[in-house]
Every structure is written in C-alpha cells, then in structure tokens.
Amino acid sequence: MDSQGIRSQADSSCQPNEEQPAVTATDIHVTYEDGTEAVRGVSLTVGNGEFFGFLGPNGAGKTTTIKTLVTLLHPNQGTVTINGHSVETKPQAVAESLGYMAQETSIDEELTARENIRFACNVYGVPASERDERIETLLDLVGLTDVADKRAENYSGGMKKRLDAATALVHRPPLVFLDEPTTGLDPEARMRLWNYFERLNEYGTTVFLTTQYLEEADRLCDRVALIQDGTIIATDTPEALKSAVGGDILDLTLEDASEQETERAIEVVRKSDVLETATFETTDDGFTITAEDAREAVSELFVSLYEADVTVTGLDVRSPTLDDVFLTLTGEHPEAAHENGATEQGALDSGRGVVE
Ligand SMILES: Nc1ncnc2c1ncn2[C@@H]1O[C@H](COP(=O)(O)OP(=O)(O)O)[C@@H](O)[C@H]1O
Ligand SMILES: [Mg+2]
C-alpha cells in the first residue's frame, strides 16, 4: 500500500489549519419538522489526527448530529466549525475538507468498484491526470483490487461498505465521518473495515465514527462521547470511562434465576460482608456484582452462597467494558436495544434535509 497516496497529495485547499481542531460543535440543537428533538445541546471538539467515537443506541441522535456536522442539515441552534471553516458561512469549504460515509450505502451496484470510484472522482473534481493513480491506490487500500471490474451487486455487505468508504475518500480529505460503517456486517468483514480505518488514521486522517458497537469504539477510538436521547452524557478516553465504573464485574448465573431467588442471593452477598462496597444488577440468568474487590472475593462469595443453598451454575469475573459504562450511566444496554437498523435508515432517507 502506498501510504503517500493518502496524505502527500492532499489538495492544499483541503488541508486543515493545524492550530484548529478538526471539529468544534457548540450547543447544537436539531428539531425535525414533526417536532422530534433529535439533538438537544450537543457540544464536542475533535482534535486533528484523533480517532473519535460517537456512541449510542439507535435513535440517540448520532446520524442527525453527523448530518449537521457535514452540512446536510442546518441546526436550529448552535455553531459548527470544521477544519477552521464555519459551517454557516463557508459550507463549500467545509464540504470540500471532509469525507462522509453515510449510514445507508451510496454506491451504484450496477457499476464496478473501479467505475464507482471513478464516478466519485468526477463528482469531487479530482484532476483527470490524477484519477487513474488515485483509483488504484484506493482499491488497494480497501482490498478490492482483485474484484475491481466486477459489478458491485455481486459483492458481500462488507465489500460494499469498503467500496463506499473508498468513494468517500477520493478527494483525500483530512477528516472523515463514518456513520455506523460496520452495522450488520459479520465479524470478519467488520475486522477488515477496522483494519482499514486504523490505517487511514495512522496516515493522519482524523476519523469521526458513530457506532452502537461498544467493543468497536473501545478498540479503535482515542476518545468517545456517549450520546443518549440527543444529549452527550460522557466524553473521555475508553480507559477513563471504564475505570470510572468502579472495579471489576462478577457475572453470576443461578440455577434458579427467578426474581425471588435472585433477590435472596443478592441479600446473601450483601449480608456476607465479603465486599466493601458493591452494586448489584439482576440479569436474565442471575445477577452481576460490581466492586473494587470483586476479583479477590470470588471464592468467599461462592462459599457464602453455597451455605445459603444458592446454586451457582456459572461465574465470570471481568474488567468493565464500555457496555458497563453505558449501563452504569443510563441503566440501559445500547446494543441490546435494537438490531433493526434498516427500518430506521429508511426513515432517515426520506427525512434528509427537512430541517431548515
Ligand atoms: N427525518 C426525520 N424526521 C423526524 N424524526 C427523525 C428523522 N430522522 C430521525 N428522526 C428521529 O430523531 C431521533 C434521532 O435519530 P438519529 O439521529 O437517526 O439517531 P441515531 O443515528 O443515533 O440512530 C430519533 O428519535 C429518530 O426517530
Ligand atoms: Mg444513525
């Protein structure tokens, strides 16, 4: 792969001012025509070169925020600056200085990968003399060289996403917005995309990624913002967020996980005084304990429960994940809530640009 391809030939007009953050959004509000307050006072800053994650469940306001940042929606209130340009007064400069991969794939499936990228080059005004080389570089970057002349309709979901990502990059933007690029992909396809985004970021491209997969954000992002109901509830590095959960997590599976038995088991643990401070959460098949000393207390807890006639059939101690962070802050699991992206995407398609 020719790493020069991505950075060194970047159009000078698209270069970020290194002094300026890549993205600054201050108190953005977006209300759709039907009165839905999709974004309620979002503020965030993304530094140059950063890999930034925007995390939240379906309907939290991720796409609405991203569309506002890339100038597709006008906020009802608030200001946005991208690469030093105001979205309000310099929308053209903003649009030229970023790449955007929408939640819904925007490739033409009747065309081949090479033709799709060539078409994007035309749209973005890539000089004719540079097109061929740029197309080959991008095909190589996203691993589609071998199938470059096959029509996209024959591609797997992951290949289509990689092609879509390539078309968002033809003008070599210093900043890319990726809206749930891996939703619905199988683990292998997801890994390939991660690998590609990581390389992109290593070459210096600032990445703004939205996802409902917390593991993805944890793995890729320097910092993440968690959004719920149109409001950011936390912004920090994944490590800091996880350490704020307060200790390790013990997942217990009970033979009898009825509400009554689970409550009784939790009471046994509480009364045993094995843990100094702990929080409890019931699950489908038992309960979880979060406590600083959870790891050391495992065998003692096991004995206490055994003596109280509670049959534990499974036990797992682990460090907190971003899912636990979300659960602690909101009482909800963002991923569990929905895997029905397609319906929501349909709604979004029809709603594009309705906010004035
Ligand atoms: N065009 C639209 N008109 C009205 N409401 C919308 C429209 N698009 C999205 N919404 C609503 O705005 C909220 C945020 O949606 P969205 O930004 O798509 O969230 P996310 O990308 O996090 O799933 C949801 O309640 C959604 O139903
Ligand atoms: Mg979305």
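**Terms and model.** Helices (H or I, at least four residues) are DSSP runs, numbered from the N terminus. The views below are taken from a predicted model.

**Figure 1. Secondary structure elements around ligand 1.** Two helices, helix 2 and helix 13 (341-351), each contribute at least two residues to the shell around ligand 1. The largest share, 3 residues, comes from helix 2. By class, the shell is made up of 7 polar, 5 nonpolar and 2 charged residues. Of the 14 residues around the ligand, the nearest are G59, G61, K62, T63 and T64.

**Figure 2. Polar atoms facing ligand 1.** The side chain of T64 has an N or O atom 2.5 Å from an oxygen atom of ligand 1. At G61, a backbone N or O atom lies 3.0 Å from an oxygen atom of the ligand. At A60, a polar backbone atom is 3.2 Å from an oxygen atom of ligand 1. On its own, ligand 1 has 550 Å² of accessible area, and the protein covers 81% of this.

**Figure 3. The magnesium site.** Two residues coordinate the magnesium ion (ligand 2): T63 through OG1 and Q103 through OE1, at 2.0 to 2.3 Å. T63 belongs to helix 2 (residues 62-69), while Q103 sits in the loop between strand 6 (98-101) and helix 4 (113-123); the pair, 40 residues apart, thus links distant parts of the chain. Both T63 and Q103 are buried. T63 is also one of the residues that come nearest to ligand 1. Water is not among the atoms, so the site may look incomplete.

Figure 4. R134 is part of helix 5 (residues 128-141). Its relative accessibility is 0%, so R134 counts as buried.

**Figure 5. Aromatic pairs.** The structure holds 5 aromatic pairs. In one of them, the ring centres of Y196 and F197 are 5.3 Å apart; the planes meet at 40°, so this pair is tilted. Y196 is buried, having a relative accessible area of 1%, and F197 is buried with a value of 1% as well. The rings of F280 and F287 also form a tilted pair, because their planes stand at 40°, and their centres are 6.4 Å apart. F280 and F287 are both buried. Elsewhere, ring pairs join F52, F54, F177 and F208 into a cluster.

**Figure 6. The loop between strand 7 and helix 7.** This view shows E180 and T182, with E216 as a contact partner of T182. E180 lies in the loop between strand 7 (175-179) and helix 7 (187-202). Although E180 is not a glycine, its phi is positive, near 45°. Most residues other than glycine have a negative phi. E180 has 3% relative accessibility and so counts as buried, the limit being under 20% relative accessible area. T182 is in the loop between strand 7 and helix 7 too, and it is buried at a relative accessible area of 0%. Its side chain makes a polar contact of 2.5 Å with the side chain of E216.

**Figure 7. N83 in the loop between strand 4 and strand 5.** N83 is located between strand 4 (77-82) and strand 5 (85-86). Its phi is near 50°, a positive value in a residue other than glycine. N83 counts as buried because its relative accessibility is 3%.

**Figure 8. Helix 12 and the glycine that follows.** The buried residues are L322, D323, D324, V325, F326, L327 and T330. After helix 12 comes G331, which has a positive phi near 75°.

Notes:
Residues are numbered from 1 along each chain as its sequence is written. Chains are lettered from A and ligands numbered from 1 in the order in which they are written. This is a predicted model: local features need pLDDT of at least 70, side-chain atom pairs count only at pLDDT 80 or more; totals for chains, interfaces and linings use all residues. Side-chain values use heavy atoms; hydrogens and water are left out. Donors are N, O and S atoms within 2.8 Å of the metal (3.2 Å for Na, K and Ca); water is not among the atoms, so sites may look incomplete. Buried means under 20% relative accessible area, exposed over 50%, partly exposed in between (1.4 Å probe, protein chains only). A residue is near a molecule or strand if one of its heavy atoms lies within 4 Å of it. A polar contact is a pair of N or O atoms within 3.5 Å; within protein, one must be able to donate a hydrogen and the other to accept it, and residues adjacent in sequence count only if both atoms are side-chain atoms. Accessible areas come from the Shrake-Rupley method with a 1.4 Å probe; for residues, only the protein chains shown count as cover. Ala, Val, Leu, Ile, Met, Phe, Trp, Tyr, Cys and Pro count as nonpolar, Asp, Glu, Lys and Arg as charged, and the others, Gly among them, as polar. Rings of Phe, Tyr and Trp (its six-membered ring) pair if their centres lie within 6.5 Å; planes under 30 degrees apart count as stacked, over 60 as edge-to-face and the rest as tilted.
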